Amino acid sequence: MVPELAKPSAILKEREKVEKIIHNIRSAGPGKLQVISDFDMTLTRFAYNGNRCPTTHNILHNSTLISEECKSKMSELLSHYYPIEIDDTRSVEEKTPLMVEWWTKAHNLLVEQQIGKDQLAEAVRESNAMLREGYQGFFDLLKHHSIPLLIFSAGVGDILEEVIRHNGVFHPNVRVFSNYMEYNEKGVLCAFKEPLIHTFNKKESALLNPDMFGQLQDRPNILLLGDSLGDLTMADGIQNAQNILRIGYLNDKVEERRSAYVDSYDIVLEKDETLEVPNAILNYITEGK
């Protein structure tokens, strides 16, 4: 059906279930499909040539737009909260208030930096941010078949959009739900807009945008892409969902997290920096349509 599923990096716990979901989505056709994806380390690379690639927050952290003192404080926050975020022994309920705490502190630090809206494009250009190999085919195929791509991101929406724009694939079918900056009359960052989106509350985007998601209720089939266990719930706010295929990128701490990912995602892509498998599935689903 999809030969790429035999790649060494692809792990399927229940192959028959995966094949059935893909078959059902293909039978219904692209007009019944929507794609819901995380951004950082899902649509973007985790690493390139052995070096970590930056997230949208990291792009700001690595830029000249923020002071060394701010960078130091943000690194301290990362060291404290990131191990909590990826600790599979803690419940989401336990982690959620701590994630709100982390994001709020990080955003407050960024607001203190007086970042100008017109400086963001340059920060992205100078960064090492990279979309995954095969991104052009992924974005273009979805555009060609008018399949909505909904990106739910706990990153910085302004930076995220700039990365997609910089790569020339910000097509009309792309919608982004993320943490957006608010600017004063001089175009300087003065706050982050509500609601705050962190790793574990992305599904609330659907509940907070009923008109937008109401328009998509005639697309009950979902291809979901994520890189954390928190991403698994991104489609939970979508009503009338029928067939959901969940693909998870396992980028980091592979050995200790493998079993949790394999138990939760339909397809796990281990240390795979490409969109080869999602593209192959999309090509199969849309073939001849």
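**View A. Q114 in the loop between α4 and α5 of the predicted model.** Q114 is exposed, with a relative accessible area of 57%.

**View B. M41 in the loop between β2 (33-37) and β3 (47-48).** M41 is another residue other than glycine with a positive phi, about 70 degrees. Its relative accessibility is 14%, so M41 counts as buried. The cut-off for buried is under 20%. Q114, by contrast, is exposed.

**View C. The cis peptide bond between E194 and P195.** Omega of this bond is about -5 degrees. P195 sits in the loop that runs between β8 (189-192) and α8 (204-208).

**View D. Helix α3 (residues 68-85) packed against helix α4 (residues 92-111).** The two axes come within 10 Å. They cross at roughly 170 degrees, so α3 is roughly antiparallel to α4. The crossing of the pair is left-handed. On the α3 side, the contact is made by C70, K73, M74, L77, L78, Y81, Y82, I84 and E85. On the α4 side, K95, L98, M99, E101, W102, K105, A106, L109 and L110 take part. By class, this contact holds 13 nonpolar and 5 charged residues, with no polar ones.

**View E. Helix α6 (residues 135-144) alongside helix α11 (residues 276-286).** Here too the axes come within 10 Å, but they cross at roughly 25 degrees. That angle makes α6 roughly parallel to α11. The crossing of α6 and α11 is left-handed. G137, F138, L141 and L142 of α6 meet N279, L282, N283 and T286 of α11. The contact divides into 4 nonpolar and 4 polar residues, with no charged ones. The contact of α3 with α4, by comparison, has no polar residues and 5 charged ones.

**View F. Helix α7 and its cover.** This helix is mostly covered, with 8 of its 10 residues buried. The buried residues are G157, D158, I159, L160, E161, E162, V163 and I164. Helices among the covering elements include α2 (56-61), α5 (120-125) and α6. Strands among them include β5 (149-156), β6 (174-179) and β7 (181-183). Just after α7, G168 takes a positive phi of about 70 degrees.

**View G. E162 within helix α7 (residues 157-166).** E162 is buried, with a relative accessible area of 19%. The class requires a value under 20%, so E162 falls within it. Setting aside neighbours within four places in sequence, E162 is in contact with L120, A121 and V124. E122 lies 40 residues from E162 in sequence. In space, the C-alpha atoms of E162 and E122 are 9.5 Å apart.

**View H. Cysteines C53 and C190.** The count of disulfides comes to 0. C190 is in no disulfide; its nearest cysteine sulfur, that of C70, is 16 Å away. C190 is partly exposed, with a relative accessible area of 37%. C53 is buried, at 4%.

Key: Residues numbered from 1 in each chain as written. Predicted model: local features only at pLDDT ≥ 70, side-chain atom pairs only at ≥ 80, totals over all residues. Heavy atoms only, no water. Disulfide = S-S within 2.5 Å. Buried < 20%, exposed > 50% of the residue type's maximum accessible area, 1.4 Å probe, protein only. Axes fitted to C-alpha atoms, helices over the stretch in contact; angles between N-to-C directions. Helix = DSSP H or I, 4+ residues; strand = E, 2+ residues; numbered from the N terminus. Parallel < 35°, antiparallel > 145°, perpendicular 65-115°, else oblique. Left-handed = near helix turned anticlockwise from the far one by under 90°. Contact = heavy atoms within 4.5 Å. Nonpolar A, V, L, I, M, F, W, Y, C, P; charged D, E, K, R; others polar.
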